Amino acid sequence: MVENTNYDFFAAEGEDESSNTNSDQNPKEKILIVDDEKDIHIVTKMAMEDFLYEGNAIGILSAYSLDEAKNLLLLHEDISLVLLDVVMETDTAGLDLVTYIREELRNKNIRIVLRTGQPGVITEKAAVEDYDIDDYRTKTELTADKLYSVVKTGMNTYGLMKQMENKLIESQKRYKLIFDHSPLPYHSLALDGEILSVNPMWLNTMGYTKEEIIGTQFGDLIHSDNRDYFEEHFCQFKKEGKISNVILRLRKKDSNYISVSLNGEIGFDNVGELKHTFCIFKDITKELKLENKVKQLYNNYNEVVSNITTGVWKID
């Protein structure tokens, strides 16, 4: 049975518990117990009855199977910590939930503590190396004091990671705001080269509408002569986190090509994984044409000089 609307609240001794048992309350902090043994839920909640986090009672949610846990995680995106059994309806149900959280939900913030009554199913070393978990405990070793410590540490870590994520989001919002109003064309690419966003100057320069260009591959705009060069530098870009003065020829909507100088940086998420690119470019078509013209004039001059067979005299 999934407990998805009512929370168990725990207040310190001497507090008025009636204010913490209202099912309509939405606790600031939540943890999720996932275990198929009802006694484990009862004992855990009893052990946490004096637990406060930053002066507030916490909400404790209970799930008794993999599917129930998945449903609760979808309903409550702000769960801080999961106390997770390994063996439930299957021998790997708990491990399957870890994979679901990290890979399908792509939630890197939530803290996951494996606690198992059957440590022979997966060793601590294997669990830590093969799964993105934060702690591994046997149920017999997790006393009330140790449980308190594990939960407090996990929630502290979750809080720090959320702070980092929020700062990163704010930083990227400011960064994007700057580029949205940049006098230079700006675009953001996914790590596979898909165009995620462009600014008005980009659209004005290239001639496309946003609907025509978002979701397409940036590589499709690059002249065939430059594509291998782009792929090489894009791989380097993702490895080093920035590029500078990469010269490309891009196809405009009218099928004409412009030459651009591209500069960019990689955006990272709160756990340091590559997320997307931030790039600006400058149209240098006229500059290159002028440069080529100057080179041609210089070559013509040298050719004329080399073909002169008579002497050149200077008369005062």
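These are my notebook entries on a predicted model of a protein.

**Ground rules.** I number residues from 1 along each chain as its sequence is written. In this predicted model, local features need pLDDT of at least 70, side-chain atom pairs count only at pLDDT 80 or more, and totals for chains, interfaces and linings use all residues, while side-chain values use heavy atoms, without hydrogens and water.

**Overview.** I looked up the elements and found 9 helices and 11 strands. They are DSSP runs, numbered from the N terminus: helices (H or I) have at least four residues, strands (E) at least two. Next I checked burial: 41% of the 316 residues count as buried. Buried means under 20% relative accessible area (1.4 Å probe, protein chains only).

**Cores.** I then turned to nonpolar cores. Each is a set of buried Ala, Val, Leu, Ile, Met, Phe, Trp, Tyr and Cys residues joined through side-chain atoms within 4.5 Å. The largest has 27 residues. Leu32, Val34, Leu84, Leu97 and Leu114 have the most contacts inside it. Contact means heavy atoms within 4.5 Å. Among the elements giving two or more residues to this core are strand E2 (30–34), strand E4 (79–84) and helix H3 (93–104). H3 gives the largest share, 6 residues.

I picked Leu97 and listed its partners. Leaving out residues up to four places away in sequence, Leu97 touches Val34, Leu66, Ala69, Lys70, Leu73 and Leu84. A second, separate core has 24 residues, including Phe237, Ile243, Val246 and Ile258.

**A general note.** In soluble globular proteins, nonpolar side chains tend to be buried together.

Key: Buried means under 20% relative accessible area, exposed over 50%, partly exposed in between (1.4 Å probe, protein chains only).
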